[in-house]
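This briefing covers aromatic pairs, nonpolar cores and salt bridges. Please look over the sequence and the structure before reading on.

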Amino acid sequence: MIRLLVADDHALIRKGLVQLIELEKDIRVISQASNGEEAYRLAKELSPDIILMDINMPVMNGITAAKKLKAEKHPSKILFLTIYNDKEYLVEALKLGVEGYILKDAEYDDLIKAVRTIYSGGVYIHPSLMQEIEDSNEELLRKELTPREIEILKLLSQGYSNKEIAQKLFLSEKTVKNHVYNIFRKLGVKDRTQAAIYMLKNQTILQS
């Protein structure tokens, strides 16, 4: 069972989300918060598996709450649900180490997919933002990685597991695992979150 904390200052949005999410058999909303400070306190008290959190909230915003939790190495994973669709917010969020970023205009099925992806150890980024990132950085990535590694990195950054990537690309899971190891080694990253951050970096950072 995935234990979820929902944090949003708009009561109607928050309660609507809770009602929908509680229809899922494998997800349970254990508490709700109306601001970042409350979300931070409840996270410390309840240790939810995932915090579904808005960014723009009163008292303490979502970015600050996430920053405090990550600095304390709190085990809860964080999925931002926000209206902000510009890359700068996404970069800032991922630099903090959050595991997901999805827009409020996303389909409900995408939200549930994001929750399950993050719970299983993946990283989820809203598809429209990933496309923008891929278009702007594909040429830069080609300087570091093979075409197959680029393909795997894109899927990896979208939250797919090694098994799912293997099925999509008609490869063995062992082959995908080897490619992922080489990607991490070439990029100097340690995990999927850092690989997703790499996808977001600009040319200067990539060449440094």
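Which side chain meets that of K104 in a salt bridge? The side chain of D8 does, with 2.9 Å from N to O. This is a predicted model, in which local features need pLDDT of at least 70 and side-chain atom pairs count only at pLDDT 80 or more, while totals for chains, interfaces and linings use all residues. Residues are numbered from 1 along each chain as its sequence is written, and side-chain values use heavy atoms, with hydrogens and water left out.

**Salt bridges**

- The whole structure holds nine salt bridges (a side-chain nitrogen of Lys or Arg within 4 Å of a carboxyl oxygen of Asp or Glu).
- Helices (H or I, at least four residues) and strands (E, at least two) are DSSP runs, numbered from the N terminus.
- D8 is buried, at 2% relative accessible area, whereas K104 is partly exposed, at 28%. Buried means under 20% relative accessible area, exposed over 50%, and partly exposed in between (1.4 Å probe, protein chains only).
- K104 also forms a salt bridge with D54, where the closest N and O atoms are 3.4 Å apart. Shared partners join D8, D54 and K104 into one network.
- D54 is buried, at 5% relative accessibility.

**Aromatic pairs**

- Two aromatic pairs are found in the whole structure; rings of Phe, Tyr and Trp (its six-membered ring) pair if their centres lie within 6.5 Å, and planes under 30 degrees apart count as stacked, over 60 as edge-to-face and the rest as tilted.
- F80 and Y101 are an edge-to-face pair, 6.5 Å centre to centre with 80° between the planes. F80 lies in strand 4 (residues 77-82) and Y101 in strand 5 (residues 100-103), so the pair ties together parts that are 21 residues apart in sequence.
- Both F80 and Y101 are buried.
- Y84 and Y89 are stacked, at 4.2 Å centre to centre and 10° between the planes.

**Nonpolar cores**

- The largest nonpolar core has 29 residues, and M53, I78, F80 and Y101 have the most contacts inside it. A nonpolar core is a set of buried Ala, Val, Leu, Ile, Met, Phe, Trp, Tyr and Cys residues joined through side-chain atoms within 4.5 Å.
- Elements giving two or more residues to this core include strand 1 (2-7), helix 2 (36-46) and helix 10 (192-200).
- A second, separate core has 19 residues, among them I102, L111, I112 and I118.
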